[in-house]
Amino acid sequence: MIIIRKLMFVFTIVVVILADGTSPASAASKTEKYKGPLMKMCRIYQIGEDEFMVRLSGRTLPVPKCRTEDNTLYITLNDSKVYHPETINASVKSAMEAIPILYDFNAVNVSDDDSFRVEMEIKSNTPLKVHSVSNAVEGISIRVKSDVIQELALGNTYVPPPKQVPSPETKLPFAVSSRITLELRDAELRDIIRGIMAYIGRNVIIDPSFPGGGGENSSVLITMTLNDVRVDEILNNLMRTYDLACYVSGVNTLTFGSREGLYKLSGENTVKYFKIHFAEPAQVSTMLKTLTAIEDNAITVDDRIKALYVKTNPAKMQEVEELIDVLDAPQKQVMIRASIFEFNDTDSVAVENALNVMYDDIQLTLNGGITVNYRNDRSIRGTRTVWTQRVVTATLNALETKAKGKVLANPSVIALDGKKAEINLTQDYPYISSRGKDDRTVTWSTEEVGPKLSFTPRIGRDGYVTLTLDVSTGDVVDVMTSSTGEQMPVTTTRSVKTDVRVKDGMPFVVGGLFREDTVKSVSRIPILGNIPLLGELFTSRTNSKNKTQVVMIITPYILDSK
């Protein structure tokens, strides 16, 4: 009886365990009890540069429903289940690392009330198209083709990215996982392209824009050793190194050449309008033709609205846009302030002392007994400039007040960097230069006198300005009577032409413009001095010379136009 009771206890435990659905044994038992279609395995194989095959195997699988949407393939198995989906997903994703055009896979069981189904998603880097679905003993095969060539629309030019991309699928309009070993010495570039394309079963055309002209006399030689390297990596590296592009001429035919040459072949030209705000349109057009080697007839200048019309391919258009941003940038400006002062030679010492302030080392004692050298201390150089100008201005104004000199002009003008500017403070003196025989027909001429200042600033580094100066001044010094009795002015002109490089805000002096006048004076004793012949006895004549100098104090200021 004891033995029978022990056996009954063991039997009860076994029954309880079998009735419990949480144990692995019970789960396996439940799976085995499912008698419907069951997907047990999924494999994906690449069968070409742009094709792959999905193979499903299991028990009594139905014909799947397939559809594509953009870059995703959706596969549905109705009234079916997938066995351990997490294991299948991990296995397929691991295998997809060797397939460049694919990057994600997911299979799940979906249950809706009493119905159930298997849904799978396969994601690609390119649009997909289902080629065929077949059912065989080994399972269901779904053949899928990358639709990248159709998307490119035969005749579009593909230019590889300028920088290397980690994933190889974006470098060419197709991906090739095949590997090749090459040992080349002084091989022609075009022959290498031909050989690789023949190896992968593609036709190739060498465009005349290919480096070396694409003809038999091409001289682009390459030496390289490659061991077990992907074919698409070799092609993409060659394209980047030699600035090549490929043109999809047909389903299995590609043309290789330069990007400009292939864009011309494809006819992909666009027209774009550029408004020029700061520069001269004609100058911008000339610079673009020089820097981009664009055709002369590709750019049209519209001076009426200061604009350019450019017709070229997309790659060249991007280059044009980047250059216009640089060429049409707002320029800095330079303001010139000038003081033109004329003084007597007898007062030259006072003037020189005032002007030397701008050039001599000046030391001032500030509060606290600190001695500062203006020339060497950069921290107060701006203060020195203001102080210097005040000293010079005060000295010149004092001389003018004492009638020892006069300020001829204080002009100022603003000019763009590199552009010429002029200041003319002149006065016209008209006179009759000739008469006709009837004394009714006269010819008038004009003498122009007065200060003139023209300069061309060029802003350099560290706030320095290089000025090309042309300074002149003139006066009417006498009046001459011609043989016909006409009075004509006698003028004098003093000018200086120079190039000077100065710091922003620092004044400099242009001097040494001397003029010497001879003043004739006559004094007579009233009445007696007017007697003919005898009047000379009561008349005295004296000649005196008056020497003057003109100095010009010029100060440039850089104005930021931003």
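Which residues are buried in helix 6 (residues 231-241)? The legends below take up this question and others, and the model they describe is predicted.

**Figure 1. Overview of the protein chain.** The predicted model shows a chain of 562 residues, of which 38% count as buried. Its secondary structure consists of 11 helices and 31 strands. Among contacts in the chain with a separation of 6 or more, 64% are between residues 24 or more positions apart. The accessible surface comes to about 32,600 Å², and carbon and sulfur atoms account for 52% of that surface.

Figure 2. The buried residues of helix 6 are V231, D232, I234, L235, N236, L238 and M239. After helix 6 comes D243, which has a positive phi, near 55°. D243 is also one of the residues touched by S258; the others, leaving out residues up to four places away in sequence, are S209 and F210. S258 belongs to strand 15 (residues 253-258). With a relative accessible area of 17%, S258 is buried, because buried means under 20%.

Figure 3. Strands of a sheet pair through backbone hydrogen bonds, in a parallel or an antiparallel way. Strand 2 (residues 51-59) and strand 9 (residues 139-146) run antiparallel and are joined by six bridges. Within this pair, E51 stands opposite K145 of strand 9.

Figure 4. Side chains of opposite charge can pair when their charged atoms come close. Here the side chains of R143 and E51 form a salt bridge, with an N to O distance of 2.8 Å. R143 is in strand 9 and E51 in strand 2, and the pair links distant parts of the chain, 92 residues apart. How do the two residues compare with the cut-off for buried, under 20% relative accessible area? E51 has 13% relative accessibility and therefore counts as buried, whereas R143, at 30%, counts as partly exposed.

Figure 5. The side chains of K93 and D104 meet in a salt bridge of 3.8 Å, N to O. K93 is in helix 3 and D104 in strand 6, so the pair ties together parts 11 residues apart in sequence. K93 is partly exposed, at a relative accessible area of 39%. D104 is likewise partly exposed, at 25%.

**Figure 6. P100 in a loop.** The loop that holds P100 is between helix 3 and strand 6 (102-112). P100 has a relative accessibility of 10% and so counts as buried. F174 is 74 residues from P100 in sequence, and their C-alpha atoms are 9.3 Å apart in space.

**Figure 7. Strand 23 and its partner.** One of the bridge partners in strand 23 is S412, which is paired with R337.

**Figure 8. Further salt bridges.** E422 and K420 form a salt bridge in which the closest N and O atoms are 3.7 Å apart. Both of these residues, E422 and K420, are exposed. Elsewhere, a network of salt bridges links E188, R190, D191 and R194.

**Figure 9. A nonpolar surface patch.** The patch covers about 520 Å² and is made by I525, L528, I531, L534, L537 and F538. One of these residues, L534, is placed in the loop between strand 30 (508-524) and strand 31 (539-559).

Terms used:
Residues numbered from 1 in each chain as written. Predicted model: local features only at pLDDT ≥ 70, side-chain atom pairs only at ≥ 80, totals over all residues. Heavy atoms only, no water. Patch = residues over 30% accessible without salt bridge, like charges linked within 9 Å, V, L, I, M, F, W, Y side chains within 5 Å. Areas by Shrake-Rupley, 256 points an atom, 1.4 Å probe, with all protein chains shown as cover. Salt bridge = Lys/Arg side-chain N within 4 Å of Asp/Glu carboxyl O. Helix = DSSP H or I, 4+ residues; strand = E, 2+ residues; numbered from the N terminus. Pairing = 2+ DSSP bridges. Buried < 20%, exposed > 50% of the residue type's maximum accessible area, 1.4 Å probe, protein only. Contact = heavy atoms within 4.5 Å.
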